[in-house]
Number of protein chains: 2
Amino acid sequence: MRIRCEKDQLLTAVQIVQKAIATKTTLPILTGIYLSAADGKLELQSTDYEVGISMTIPAEIIEPGKAVLSGKFFPEIIRKISGKTIEIFSVLQSSMITIAAEKTEFKILSFPADEFPTIKKFESNNSITVKDDVLKDLIKKTVFACSTDESRPLFTGALTEVFEDEIIMVATNTHRLALKKHSLLGANNALKMIIPGKILNELTKIINFDVPTDVKIVWLKNQVAFSFDNIYIMSRVIEGQFPDYKKVIPIDFTSYCVLDSNILFEAVERVSLLAKDGEYNIIKIKFTPNTIELAGNNPDAGSAIEILDVIPEGEPMEIAFNAKYLLEVLRIAGSGKVKFHLKSALSPVMIKLMDDLEYTYILTPIRTN
Amino acid sequence: MRIRCEKDQLLTAVQIVQKAIATKTTLPILTGIYLSAADGKLELQSTDYEVGISMTIPAEIIEPGKAVLSGKFFPEIIRKISGKTIEIFSVLQSSMITIAAEKTEFKILSFPADEFPTIKKFESNNSITVKDDVLKDLIKKTVFACSTDESRPLFTGALTEVFEDEIIMVATNTHRLALKKHSLLGANNALKMIIPGKILNELTKIINFDVPTDVKIVWLKNQVAFSFDNIYIMSRVIEGQFPDYKKVIPIDFTSYCVLDSNILFEAVERVSLLAKDGEYNIIKIKFTPNTIELAGNNPDAGSAIEILDVIPEGEPMEIAFNAKYLLEVLRIAGSGKVKFHLKSALSPVMIKLMDDLEYTYILTPIRTN
């Protein structure tokens, strides 16, 4: 193998495929990055068997070939090497690969390329195409609500559904649920699968283009692939029956309250300062006829109270929340307004964003004494 | 106690005294910040018995008094609370202290103020006054060379000497030594003490003024205090006999080499990329008649070579260095030039900064096979 390519393009590709390198593995080759050079292109791949990422960049191929380089040192070398053009080559059958630019020359040991489990890209009639910003919005507004508890894998993913000209993403950890809809005209395929939250979060970091880009989503029974630009990302899907989210969404309420999201965010942060040190990060919100009062308490440290000049509509009540779950949806709401839909101290609360009516957040109150 | 003060001033003071709060202690009160309000001033203190910091800010004293507040929660509250003015008060003999601003009210538990070991500020004829930028320069160029090995306390501090119109700071971990001199006209006192590197590093962070400020250094046999602005910092000194640094500085050389510090820094970073994973972070520099060649090697990963177009003066030789020790002095040199003074592959190397001739760095080569 002997190729020449631009440093900036190679660095981008390395940083993207790096995300799928196996960290906990007994198979050393999975800690490497696979390079394949042919037909004016250099393809980089990595996989941990759960997820696989491939990216292709233009390259001058002097001699086609393959190599698997250390996923630790290769990215560091490309980051630090100076020069516009990088040359990568091996001599005869040596396992030493040379990476050269300007006056620096690195020689690094490589893994046997034939042993790398390359990604099998699949085609299928089951596919849809989504705009990059739509996909990012779906992910950003829901995936944070996933569970991180690996012992309940179902909730570590987001249910992704396509039907009747709509795409829906739903995530829950059973204490709160986030649901986002988007219209998706002309999607002829019905899709329903649970995609791991981790790969969806990585996707939002990788999908980062200056121009609108289409993302093609293709799926088989237990796999999903996203392709866009010169990038291909494949992931297993989570098997199991996602709970019927429609049953979780309450529909009758007695009280409502519209609040500026930023103001509420800062107030919740303050009153939960002491409480977050305790076992549960509980704050209480008292909706009274002409204010709302936030309170946090930690028997070992102290307490905090803050009053907001807001006039709720409906019955007065006091509800206890996990402050973290409230802060997370307020962060999504940003500088907009949020509307609380309340029924009683122990009924799930529905929070809607005033500037995105296709978004719904359900939060279960905490029972306190 | 009942006081009012400006949030910004209180926040600055809290962030400064916070640095001396005890982290590992069996005495809970040392994890607190001591407040003392009287005569239009609020004084904050903290100490871990090794170091003590006091800072005073103006305050409206409605009722004088004292309190010791949680070193964990009090700074967080002051950071997050909103409003220009903060009111702090206790009611009768209650151990609850209220911190209020705008519509937020915190109540936090306090420690019994009488039990706090307040700092005993001392006066002494042994004192000198140094400009803040001179003191910061002395510290910045030497203290990084201290050892962090607590089992050899002598080398965790910097020797500070004043005599014959000069102030000198020296630090070493026995593998390298950094020495910086500054003229200090009219210093009538001879000073010689080993000041802990940790407090000197904190000092450079605290001394951060827009206008030139004088720092008064006062010392007793086993204590040193720095006072400036409305801040007083006290520290124990390290006892023991610092090695005679004058004997360490070599004086005869056979070869010299002037290099651009930034270029060398980046080259050393690159060639040490693979080597730094090994047990020693060794790079070799070969001074040849018309270039210098840097090489790093890691038997488990690979190797790197970089050639710099520099013409050394004198005998060719190859010297092995700990890359970290070389990078640290090059970081100090910044965008300037450095001059290597060499004698043989195993003789200590002297590195001088071309734009600060009062600075000397001695680096012992590594013996390799």
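In this predicted model, helix H6 of chain B passes helix H7 of chain B in a left-handed crossing, where left-handed means that the near helix is turned anticlockwise from the far one by less than a right angle. Helices (H or I, at least four residues) and strands (E, at least two) are DSSP runs, numbered from the N terminus. Local features need pLDDT of at least 70 and side-chain atom pairs count only at pLDDT 80 or more, while totals for chains, interfaces and linings use all residues. Residues are numbered from 1 along each chain as its sequence is written, and chains are lettered from A and ligands numbered from 1 in the order in which they are written.

**H6 and H7 of chain B**

- H6(B) spans residues 261-275 and H7(B) spans residues 323-333; they pack at an angle of about 155° with their axes 9 Å apart. Axes are lines fitted to C-alpha atoms, for helices over the stretch in contact, and angles run from 0 to 180 degrees between N-to-C directions.
- H6(B) and H7(B) are therefore roughly antiparallel to each other, a term for angles over 145 degrees.
- On the H6(B) side, the residues in contact include B:Leu264, B:Phe265 and B:Val268, and on the H7(B) side they include B:Leu326, B:Leu327 and B:Leu330. Two residues are in contact if their C-beta atoms, placed from the backbone, lie within 7 Å.
- By class, nine nonpolar, two polar and two charged residues form the contact of H6(B) with H7(B). Ala, Val, Leu, Ile, Met, Phe, Trp, Tyr, Cys and Pro count as nonpolar, Asp, Glu, Lys and Arg as charged, and the others, Gly among them, as polar.

**How chains A and B are related**

- Chain B is superposed on chain A by a rotation of 180° with 0.0 Å of shift along its axis (RMSD 0.0 Å); that is the relation of a two-fold axis. The superposition is by least squares on the C-alpha atoms of residues with pLDDT of at least 70 in both copies.
- The copies meet through the same surface, because 100% of the interface residues of chain B are also interface residues in chain A.

**The interface between the chains**

- In the interface, 26 residues of chain B are in contact with 26 residues of chain A.
- Helix H2 (73-80), strand S9 (104-111), H6 and strand S21 (302-308) of chain B each supply at least two residues of the side that touches chain A.
- That side of chain B divides into 12 nonpolar, five polar and nine charged residues.
- H6(A), residues 261-275, packs with H2(B) at an angle of about 175°, with their axes 10 Å apart, and the two helices are therefore roughly antiparallel.
- A:Glu269, A:Arg270, A:Leu273 and A:Leu274 of H6(A) make this contact with B:Phe73, B:Glu76, B:Ile77 and B:Lys80 of H2(B).
- The contact of H6(A) with H2(B) has four nonpolar, no polar and four charged residues.

**Domains of chain A**

- Chain A is divided into domain 1 (2-115), domain 2 (127-247) and domain 3 (249-363), with bounds from an automatic or database domain assignment.
- The centres of domain 2 and domain 3 of chain A, taken over C-alpha atoms, are separated by 28 Å.
- Between these domains of chain A, 12 residues of domain 2 are in contact with 11 residues of domain 3.
- Strand S13(A) gives the largest share of the domain 2 side, seven residues.

Methods: Parallel < 35°, antiparallel > 145°, perpendicular 65-115°, else oblique.
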